[in-house]
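Q: I would like to learn how to read the features of a model like this one. Can we go through them in turn?

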Amino acid sequence: MLFNLSNTELDILEISWATNRWMSGADFWNRLNGQGGNFKRQTVNTYLSRMTDKGFLVKCQTKYIYTFTKEEFEKKRALEILNTMYSGSLKKFLLALAGSVKMDCDEAFKLQDYLEKLLI
């Protein structure tokens, strides 16, 4: 799966989205270690390089920034899960989900309205 990232890779994306600016490897290293991590600079640089190769970050000289906004990432990740695990079927996904999640009447009506709008 393209969008199946490690926790550290997700942390790097979260940092990039939160700052919304170009950041150096040292910036990421400081932020990760400031969040309780215990990373060496080279380890962070390896993550950044791999994430650039995978297309999640863009590099310009010595600085990095995200490729997708958080919303774009979440949408692409959800579609990948839907396509790979449920053959692109929203029905199969909802049936799998419905077996373990309880929904109140208000949520059920909102979902019904949403699904009806998809048919139009």
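**Reading the model feature by feature**

A: At 23% relative accessibility, Asp27 counts as partly exposed. The model is a predicted one.

Q: What does Asp27 meet in a salt bridge?

A: The partner of Asp27 is Arg21, with 3.9 Å from N to O. A salt bridge requires these atoms within 4 Å, so the pair at 3.9 Å is counted. Arg21 is partly exposed, at a relative accessible area of 37%.

Q: How many salt bridges does a search of the whole structure find?

A: The search finds four. One of them joins Lys54 and Glu9, whose closest N and O atoms are 2.9 Å apart. This pair links distant parts of the chain, since Lys54 lies in helix 3 and Glu9 in helix 1, 45 residues apart. Lys54 is partly exposed, with a relative accessible area of 39%, whereas Glu9 is buried at 5%.

Q: How far apart are the closest N and O atoms of Asp106 and Lys110?

A: The distance in this salt bridge is 3.3 Å. Asp106 and Lys110 are separated by about one helical turn because they are four residues apart in helix 6 (residues 105-119). Asp106 is partly exposed, with a relative accessible area of 45%, and Lys110 counts as exposed at 55%.

Q: How should I read the sheet, and what is its strand order?

A: Pairing is read from the bridges between strands. Here the sheet is open, has three strands in the order 1-3-2, and pairs in the antiparallel sense. Strand 1 (23-24) and strand 2 are the edge strands, each pairing on one side only.

Q: How many bridges join strand 2 to strand 3?

A: Four bridges join strand 2 (residues 57-60) to strand 3 (residues 63-66), and the two run antiparallel. Among the pairs, Leu57 stands opposite Tyr66, and Val58 has Ile65 as its bridge partner. The hairpin of these strands has two residues between them, and Gln61 takes a positive phi near 60° there.

Q: Where do nonpolar side chains tend to be in soluble globular proteins?

A: They tend to be buried together. In this model, the largest nonpolar core has 20 residues, and Ile12, Leu13, Phe28, Leu48, Phe56, Leu57 and Phe73 touch the most other members. Two or more residues come from each of helix 1 (7-19), helix 2 (25-34), helix 3 (41-54) and strand 3. Helix 1 gives the most to this core, with five residues.

Q: Which residues form a nonpolar patch on the surface?

A: Leu90, Tyr114 and Leu118 form the patch, and together they have about 300 Å² of accessible area. Leu90 lies in helix 5 (residues 90-98). A patch member needs over 30% relative accessible area, so Leu90 passes that cut-off at 37%, although it is only partly exposed.

Q: How many disulfides does the structure hold?

A: The structure holds zero disulfides.

Conventions
Residues are numbered from 1 along each chain as its sequence is written. This is a predicted model: local features need pLDDT of at least 70, side-chain atom pairs count only at pLDDT 80 or more; totals for chains, interfaces and linings use all residues. Side-chain values use heavy atoms; hydrogens and water are left out. A disulfide is a pair of cysteine sulfur atoms within 2.5 Å. Patches are made of residues with over 30% relative accessible area and no salt bridge: like charges are joined within 9 Å, nonpolar side chains (Val, Leu, Ile, Met, Phe, Trp, Tyr) within 5 Å. Accessible areas come from the Shrake-Rupley method with a 1.4 Å probe; for residues, only the protein chains shown count as cover. A salt bridge is a side-chain nitrogen of Lys or Arg within 4 Å of a carboxyl oxygen of Asp or Glu. Buried means under 20% relative accessible area, exposed over 50%, partly exposed in between (1.4 Å probe, protein chains only). A nonpolar core is a set of buried Ala, Val, Leu, Ile, Met, Phe, Trp, Tyr and Cys residues joined through side-chain atoms within 4.5 Å.
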